[in-house]
Amino acid sequence: YTYSDGNGCVNSTSQNVTVNPTPIAPAVSSPQSPATAFVSDLVPSGVDIKWYDNAVGGNLLSSIDALSVGTTYYATQTLNGCESPRSNGVTVILTRTVNIHLILEGLWDRINNTNMMLEALDGNNNYEPKWGWGIADQIQVNLFLASDLYNPVDAQINNPIDLLTDGLATFTVPSTINGDYYIQVRNRNHLETWSADVVSFNTGSNPVEYDFTTSADKAYAFEGGDLLPQVMVAPGIYAFYVGDVNQDGIIDSGDFGLFSADNEITAYGYLPTDFNGDGFVDSSDFGLLDPRITTYTYTQRPY
């Protein structure tokens with residue numbers, strides 16, 4: 001800048017000026033499912049984060065403000081006193097934990113009387129557990145509204161789900177899943193099985209619990225039918241039937257044909273015809289299949 005010294009002379013001098021550029025908006029992933037329902041649980045990537053309830057204008061939120069399911073929140077970051085534009089936003093989807101308990105007949109430990117399942121082995125990998133120690137096998141789960149039994153709910157279930165050797169399988173669903181649902185469970189070589197009754201996924205239900213193991217009729221059965229929906233593997237402990245190799249809902253000659261082909265060559269690996277999970281197919285697996293075929297065992301569904 002310039003200035004006059006009062007004598008008609010013009011002098012000039014210089015001064016450093018620091019310009020702080022406006023920082024970019026912080027990076028956020030969306031949607032998010034925070035463990036609890038407060039603004040402080042949202043996870044952005046940035047410095048000196050502020051959260052707003054609107055992309056333009058709106059209210060500055062406190063870290064202890066409660067989150068609302070389905071609402072989108074917008075973040076800024078502040079660097080050197082300059083606040084960034086707002087992020088594209090993060091939508092909140094809170095989750096509900098679901099714990100189900102079930103036993104797979106084929107993997108039941110019949111030798112050691114542990115009241116637990118054995119891990120399914122992989123004959124192609126030095127007969128190590130296919131999914132790791134403590135994991136019996138994997139299952140697939142779907143939820144069906146009682147009023148719409150032909151279409152599973154898009155509950156974003158993380159399939160497949162690890163089934164632990166003690167029979168526990170845990171997964172999460174968005175807390176927007178509300179109401180009463182049937183639980184359908186499938187496994188690579190066990191019979192598709194449904195919960196006997198609808199299970200409440202109402203707002204206050206967290207976690208949701210369902211135990212198939214305590215009674216045969218915890219699985220769905222036709223009223224007046226003569227087929228038990230589960231098999232007893234130990235006093236007071238019930239399991240899903242093994243033997244549905246082709247997953248058509250019936251254990252019959254079609255499954256026997258697939259088993260027989262693998263049995264003839266003593267096939268090994270993680271195979272649907274390996275009913276006891278020891279990593280290869282032999283007569284011990286036939287011992288599990290035979291009683292299922294002779295009783296014409298089939299899936300019982302509530303429709």
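A residue counts as buried when its relative accessible area is under 20%. That cut-off is a handy way into this predicted model. Take Leu102, found in the loop that runs between β10 (95–101) and β11 (121–122). Leu102 has 0% relative accessibility, so it counts as buried. And what does Leu102 touch, once its neighbours within four places in sequence are set aside? The contacts are Met117, Ile139, Leu163, Gly167, Val185, Phe212, Thr213 and Phe240. Gln300 sits 198 residues away from Leu102 along the chain, and the C-alpha atoms of the two are 16 Å apart.

By the rule used here, the structure has six salt bridges. In one of them, Glu105 pairs with Arg292, with 2.6 Å between the closest N and O atoms. Glu105 belongs to the loop between β10 and β11 and Arg292 to helix α2, so this pair ties together parts that lie 187 residues apart in sequence. Both partners, Glu105 and Arg292, are buried.

Arg292 brings the story to α2 itself. This helix has 12 residues, and from first C-alpha to last it reaches 17 Å, close to the 16 Å expected at 1.5 Å a residue. Which residues of α2 are buried? They are Asp285, Leu288, Leu289 and Arg292. These residues cover an arc of only 90° around the axis, which puts them on the same side of α2. There is a simple bit of helix geometry to keep in mind here: an α-helix has 3.6 residues a turn, so residues three or four places apart point the same way. On the other side of α2, Ser283 and Thr294 are exposed. As for the buried residues, their cover includes β20 (231–234), β22 (250–251), α1 and β23 (297–298). After α2 comes Tyr296, which has a positive phi, near 50°.

The closest N and O atoms of Arg188 and Asp137 are 2.8 Å apart, and both residues are buried. Glu192 is in the loop between β16 and β17 too, and its partner Arg301 is in the segment after β23, 109 residues apart. The side chains of Arg301 and Glu192 meet at 2.8 Å, N to O. Are these two buried or partly exposed? Arg301 is partly exposed because its relative accessible area is 24%, whereas Glu192, with a relative accessible area of 7%, is buried. Through shared partners, salt bridges join Arg186, Glu192 and Arg301 into one network.

Then there are the aromatic rings. The structure holds 17 aromatic pairs. One of these is edge-to-face: Tyr182 and Trp194, at 6.3 Å centre to centre and with 65° between the planes. Tyr182 is in strand β16 (residues 180–186) and Trp194 in strand β17 (residues 193–194), so this pair, 12 residues apart, links parts of the chain described as distant. Both Tyr182 and Trp194 are buried. A stacked pair is formed by Phe259 and Phe275, with centres 5.8 Å apart and 25° between the planes. Here the link runs from Phe259 in helix α1 (residues 253–264) to Phe275 in the loop between α1 and α2 (283–294), 16 residues apart. Phe259 and Phe275 are both buried as well.

Tyr182 and Trp194 are members of one aromatic cluster together with Phe144, Tyr150, Tyr220, Phe222, Tyr296, Tyr298 and Tyr303. Tyr296, then, is both the residue that follows α2 and a member of this cluster.

Lys130 lies over the face of Trp131, 5.4 Å from the ring centre. In another case, Lys218 has its charged end over the ring of Tyr210, at 4.7 Å from the centre of that ring.

Note on methods:
Residues numbered from 1 in each chain as written. Predicted model: local features only at pLDDT ≥ 70, side-chain atom pairs only at ≥ 80, totals over all residues. Heavy atoms only, no water. Phe/Tyr/Trp six-rings, centres within 6.5 Å; stacked < 30°, edge-to-face > 60°. Helix = DSSP H or I, 4+ residues; strand = E, 2+ residues; numbered from the N terminus. Buried < 20%, exposed > 50% of the residue type's maximum accessible area, 1.4 Å probe, protein only. Lys NZ or Arg CZ within 6 Å of the ring centre and 35° of its normal. Contact = heavy atoms within 4.5 Å. Expected span 1.5 Å × (residues − 1). Arc of directions from axis to C-beta. Salt bridge = Lys/Arg side-chain N within 4 Å of Asp/Glu carboxyl O.
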